[in-house]
Amino acid sequence: MSTAIPRLITAMVDQSYRGWRGYGLAVISVGACVALRSALEPFGQFYYLPMVPAAVVTALLSRPGPTGLAIALSIAVNVSLVPREGLTDTVVNATLFLAVSWLLAELCWAQRRIQRRAGALARTLAGRNAVLDTVLAAVPVVILDRAGRVRRLTPAAAVLFGVTNEAAAGSPFSQLIDDFDLRELETDGADCLAGTDAREWRGRRPDGRPLLLNLQVGVTAKPAGGDDYAAVCLTDVTQTRAATTRALELDAQLNRVWRLNSLGQMAATIAHELNQPLSAAASYMHASQRDIERAGPLGESAGRTLDLAKAQVLRAGGIIRRMRDLLATGSAALEVQRVSSMIEDLRPALRLLGRDAGIDVAIDVDNSADVVLAERIQFQQAVINLVRNAIEAAAPMPEPVVVISGRRTSEGYEISVEDNGPGIPANDIESVLRPMMTSKANGMGLGLSVTRTIVEGHGGALRVDRSALGGAAFLIRLPQEERAA
């Protein structure tokens with residue numbers, strides 16, 4: 001009953017009568033009130049009182065014009081039907097009815113304005129609530145109490161953490177966010193609660209998927225005794241951080257490729273320019289050999305040394321020519337070679353490499369079934385690179401050891417270069433063969449990369465492992481001659 005009257009008034013206000021219908025409403029209302037007055041005549045003289053509803057109803061449902069008509073008709077009917085003592089009594093009663101009816105009409109019109117304003121505010125509030133519900137459905141937000149326990153999650157927050165609202169309600173928020181402490185944020189000051197904390201938080205999911213979040217924390221405006229104390233807005237930056245990391249990696253790779261390209265151009269230029277001085281040096285050494293031969297037995301030792309030097313100069317020229325051909329054609333001219341013969345030819349050079357470090361490089365190569373397809377000088381250069389690295393690694397040891405061994409396996413012929421140095425850390429084994437990767441202060445990170453390129457150009461593979469001697473072991477696996485063909 002208490003809500004029926006406001007609803008009736010609202011319905012009446014919504015059905016507003018305008019134009020001729022308002023005046024018709026005034027006439028009908030006055031007629032109904034006259035009928036009501038006639039029905040009440042047996043019980044007493046009511047004069048203007050039964051006519052008041054005509055003015056009120058017309059004011060509620062129409063405008064001032066029809067309302068004035070209803071009041072005027074009510075006065076006219078009352079004057080014509082009720083005898084008065086005199087003109088003064090008639091005028092006074094009509095004036096009082098006019099004042100009271102118009103006051104009631106003003107109240108009705110004020111009620112209508114208030115009702116329209118309330119309706120507009122209700123529609124605005126409903127629209128804002130709809131927008132807020134839409135935002136909360138799309139934005140991850142968690143409502144906390146003063147103790148930092150979860151009150152409720154928005155659907156987006158529930159999906160983000162992979163939990164349901166019912167399962168998370170009542171649990172500490174620190175179970176979803178590592179190291180989260182609402183009291184600590186309050187202690188740190190208003191900046192954290194205003195959302196200016198730039199820290200990245202690590203979230204927890206049941207499936208273990210990594211989750212990086214930015215938090216914006218705000219305290220609600222409710223009194224201290226309210227259950228909802230703080231609202232936490234979450235921003236998932238996991239994909240952003242992964243994309244940033246990937247972009248940095250790609251930038252580093254691009255920089256490495258650019259440096260390699262520059263080094264390739266420089267190497268091609270050097271290869272072209274060094275051919276002439278090396279050829280001239282070989283010619284001068286050949287002429288010196290002829291002069292030493294004329295000296296007789298006294299020059300035999302110097303002649304042998306000069307012959308070794310000339311062989312190395314010619315070998316250097318051959319390396320440059322073959323590397324230039326490799327750059328030009330992208331492939332090496334492979335021929336049938338014996339591994340034992342190629343390594344045996346390196347013995348003088350290996351002796352010179354180990355002499356300065358006080359290391360005698362041991363060679364243990366099985367010469368049975370060691371026929372492979374190889375480019376002789378390139379293969380020898382790959383072995384020289386590995387031995388040089390092994391000597392540098394073993395040199396600081398009290399008893400340095402470097403061993404070259406070769407054995408036939410089921411997958412081909414395998415040559416290993418091992419040392420008893422400190423070895424290669426497990427984290428670096430995968431990257432040590434990449435270009436520009438070096439642990440030496442003055443290294444360029446190209447030796448092992450070039451060696452790998454040479455081996456793969458032979459159809460083989462180069463890998464790194466731990467040596468039984470305690471250091472590193474570099475293994476070259478080449479296919480057998482029939483398999484390579």
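1. Ser-171. Apart from residues up to four places away in sequence, Ser-171 touches Arg-149 and Val-150. Ser-171 sits in the loop between helix H7 (165-168) and helix H8 (182-188). Its relative accessibility is 16%, so Ser-171 counts as buried, the cut-off being under 20%. Bear in mind that this is a predicted model.

2. Overall make-up. The protein has 16 helices and 12 strands. Of its 485 residues, 34% are buried. Take the contacts between residues at least 6 apart in sequence: 64% of them join residues at least 24 apart.

3. Helices H2 and H4. Helix H2 (residues 20-40) and helix H4 (residues 64-81) have axes that come within 8 Å. They cross at roughly 30°. H2 and H4 are therefore roughly parallel to each other, since angles under 35 degrees count that way. The crossing of H2 and H4 is right-handed. On the H2 side, the contact is made by Gly-22, Tyr-23, Ala-26, Val-27, Val-30, Val-34 and Arg-37. On the H4 side, the residues are Gly-65, Pro-66, Leu-69, Ala-70, Leu-73, Ser-74, Val-77, Asn-78 and Leu-81. By class, the residues of this H2 and H4 contact are 11 nonpolar, four polar and one charged. For the spacing along each helix, recall that an α-helix has 3.6 residues a turn, so residues three or four places apart point the same way.

4. Helices H3 and H4. How do the axes of H3 and H4 cross? They come within 8 Å of each other, at roughly 170°. That makes H3 roughly antiparallel to H4. From H3, Ala-54, Ala-55, Thr-58 and Ala-59 meet Pro-66, Thr-67, Ala-70, Ile-71 and Ser-74 of H4. The residues of this H3 and H4 contact are six nonpolar and three polar, with no charged residue.

5. Burial of H3. Seven of the 10 residues of helix H3 (residues 52-61) are buried, so H3 is largely enclosed by the rest of the structure. Which residues of H3 are buried? They are Val-52, Ala-54, Ala-55, Thr-58, Ala-59, Leu-60 and Leu-61. Ala-54, Ala-55, Thr-58 and Ala-59 also take part in the contact with H4.

6. The antiparallel sheet. Five strands make an open sheet with antiparallel pairing, in the order S2-S1-S5-S4-S3. Strand S2 (150-153) and strand S3 (200-202) are the edge strands, and each pairs on one side only. From one strand to the next, the twist averages 35°. Strand S1 (residues 141-144) and strand S5 (residues 230-236) run antiparallel and are joined by four bridges. Ile-143 has Ala-231 in S5 as its bridge partner.

7. Ala-157. This residue lies in helix H6 (residues 155-161). Its relative accessible area is 0%, so Ala-157 is buried. Beyond its neighbours within four places in sequence, Ala-157 is in contact with Pro-140, Val-141, Val-142 and Leu-234. Val-139 is 18 residues from Ala-157 along the chain, and their C-alpha atoms are separated by 7.2 Å.

8. S11 pairs with strand S12 (residues 472-478) in the antiparallel sense, over six bridges. Val-464 has Phe-474 in S12 as its bridge partner.

9. Asp-345. This residue is in the loop between helix H12 (339-344) and helix H13 (347-357). Is Asp-345 buried or partly exposed? With 45% relative accessibility, Asp-345 counts as partly exposed. Neighbours within four places in sequence aside, Asp-345 is in contact with Arg-376 and Gln-380. Asp-345 and Gln-380 are 35 residues apart in sequence, and 8.7 Å apart in space from C-alpha to C-alpha.

Technical notes: Residues numbered from 1 in each chain as written. Predicted model: local features only at pLDDT ≥ 70, side-chain atom pairs only at ≥ 80, totals over all residues. Heavy atoms only, no water. Axes fitted to C-alpha atoms, helices over the stretch in contact; angles between N-to-C directions. Helix = DSSP H or I, 4+ residues; strand = E, 2+ residues; numbered from the N terminus. Parallel < 35°, antiparallel > 145°, perpendicular 65-115°, else oblique. Left-handed = near helix turned anticlockwise from the far one by under 90°. Contact = heavy atoms within 4.5 Å. Nonpolar A, V, L, I, M, F, W, Y, C, P; charged D, E, K, R; others polar. Buried < 20%, exposed > 50% of the residue type's maximum accessible area, 1.4 Å probe, protein only. Pairing = 2+ DSSP bridges.
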